[in-house]
Amino acid sequence: MTAKQLTDSILQMAIEGKLVPQDPNDEPASVLLENIREEKRRLVQEGKLKKKDLEETPISEDERPFEIPESWEWCRLGEISTYSHTKKKINASKAAPNIWGLDLEDIEKGGKLLCIKSVGERKAIGDKTCFEEGDILYSKLRPYLLKILIAPQNGICTPEIIPFTCYGNISKGYIVNLLKSVYVDRYINSATFGIKMPRVATETMTSLIIPLPPLAEQKRIVAKIEELLPVVKEYGEAYKEASKMNAGLPDKLKKSVLQDAIMGKLGTQDENDEPVSVLLEKIREEKRRLVQEGVLKKKDLEETPISEDEKPFEIPDNWGIAKLSLITSLIDGEKIEGDYVCLDAKFLRGKSTGDILSKGKYVKQGDNIILVDGENSGEVFTVPCDGYMGSTFKQLWVSEEVFLPYVLFFIKYYKDILRNSKKGAAIPHLNKEIFYNLIIGIPPLAEQRRIVEKIEALFVEIDNIKIQ
């Protein structure tokens with residue numbers, strides 16, 4: 001559960017009467033509502049409200065979104081607040097330059113006030129809405145619905161922010177938290193209008209059904225939320241750290257598995273396996289044949305001795321050791337003509353349907369090609385269909401005498417070195433010298449298969465790991 005999900009859960013519990021216990025000694029919300037009606041009747045007599053402000057729209061059983069305690073009451077926001085009342089306006093050019101000028105960008109989602117800037121600092125222009133200290137400030141724009149707070153001082157604001165207050169000493173903190181709840185957010189998002197910048201209509205807000213607790217319980221609810229939110233914030237920070245760890249852990253574990261694999265610590269040695277010396281001679285014979293056939297070049301037969309200082313780690317006694325150039329080569333592919341798909345990085349990553357070319361460097365389904373240009377140089381792809389290699393690729397030839405997945409896992413282990421050793425500035429290229437000089441431990445063929453089987457099994461387990 002994320003911090004936001006936890007916050008949403010707390011607010012929902014609060015407005016359903018499940019966050020704090022009810023106290024039978026609390027004056028019920030029905031008395032509070034009657035006191036509000038009496039207050040509004042007095043304001044009508046004083047000419048501060050109109051008779052229509054006394055009107056109430058009944059709430060049917062079907063309209064009630066959830067159950068609430070017996071001491072609570074259902075009402076509408078328009079009946080307990082001044083949300084729909086005409087707001088005092090002023091042109092920013094006529095406002096005192098030192099007065100607070102509030103804009104939407106000053107409020108973080110969730111209601112945190114980021115800064116207070118004066119009208120003069122802001123160089124504000126146009127019509128603004130006046131508000132007073134203690135007013136609830138609510139953004140009516142859909143992307144900013146959760147920008148809600150209680151004004152700490154007088155000021156003016158963008159007309160997209162609606163200032164209002166409540167009757168009957170209703171806790172403004174309770175109303176603010178109610179307006180941040182998932183219940184209200186869903187209700188309003190289903191009723192906003194406009195395409196470019198959707199807004200919530202005044203009628204929608206005044207019709208909003210409010211679960212109203214007794215005054216004393218409202219205060220207990222707000223106090224409990226204020227007590228819990230710092231804990232939720234700490235939880236959120238810990239959750240982010242755990243998520244980062246969870247995201248990075250699989251790669252680190254897989255890298256560790258591959259390291260053990262290439263050092264001979266993952267598989268089991270078997271004295272009945274064909275000796276590696278026989279395997280190495282088969283590889284050399286294969287390469288001589290491919291040179292004669294024109295697939296490889298004479299330079300591919302060259303072998304550079306490996307000194308003791310070059311050996312990066314100890315390997316089992318029955319393994320051989322060689323440079324990657326012994327068992328691999330980067331070749332151009334066969335040049336042919338005919339309509340085939342271009343096997344570029346976008347196509348291979350499933351981000352493009354691919355262009356159809358009439359000629360190019362042909363590779364077959366199941367061949368392996370390696371990126372030699374760009375930021376991800378060294379990344380190997382198995383070709384999903386016949387086609388022409390993209391211009392940033394070379395075909396990766398791997399000796400048929402070794403187990404291909406073992407070699408591909410080896411190259412994957414060194415992907416960071418290959419990416420970080422690229423040549424060129426404008427268009428970085430794979431450093432082929434480093435690629436060919438990578439030192440690979442070569443187990444007997446049967447052990448190569450056992451190692452790959454173990455790697456794949458461990459990778460499945462790693463992918464299923466989740467930090468709670």
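**Figure 1. The largest nonpolar core of this predicted model brings together 47 residues.** Welcome to the first close-up of the predicted structure. Within this core, the residues with the most contacts are Ile80, Tyr138, Phe164, Ile170, Ile175, Leu179 and Met205.

**Figure 2. A closer look at Ile170 and the residues it touches.** Leaving aside residues up to four places away in sequence, Ile170 touches Leu32, Ile36, Ile80, Ile175, Leu212, Leu215 and Gln218.

**Figure 3. The largest pocket has a volume of about 1200 Å³.** Its lining is made of 34 residues, and Thr7, Lys109, Gly110, Lys180 and Leu229 are the closest to the pocket centre. Helix H1 (3-15), strand E6 (148-150), helix H5 (172-179), helix H6 (182-189) and helix H8 (215-262) each give two or more residues to this lining. H8 supplies the largest share, with 11 residues. By type, the lining splits into 14 nonpolar, eight polar and 12 charged residues.

**Figure 4. Ser399 sits in the loop between strand E17 (393-398) and helix H11 (404-413).** Ser399 counts as buried because its relative accessibility is 2%, and the cut-off for that label is under 20%. Its side chain reaches the backbone nitrogen of Glu401 at 3.1 Å. Not counting residues up to four places away in sequence, Ser399 also touches Ile283, Glu286 and Ile327.

Key:
Residues numbered from 1 in each chain as written. Predicted model: local features only at pLDDT ≥ 70, side-chain atom pairs only at ≥ 80, totals over all residues. Heavy atoms only, no water. 1 Å grid on protein atoms, 1.4 Å probe; cavity = no way out; pocket = protein on both sides within 12 Å on 5 of 7 lines; lining within 4 Å. Points joined across faces, edges and corners; volume = space filled by probe spheres on them. Helix = DSSP H or I, 4+ residues; strand = E, 2+ residues; numbered from the N terminus. Nonpolar A, V, L, I, M, F, W, Y, C, P; charged D, E, K, R; others polar. Core = buried A, V, L, I, M, F, W, Y, C linked by side-chain atoms within 4.5 Å. Buried < 20%, exposed > 50% of the residue type's maximum accessible area, 1.4 Å probe, protein only. Contact = heavy atoms within 4.5 Å. Polar contact = N/O pair within 3.5 Å; in protein donor to acceptor, adjacent residues only side chain to side chain.
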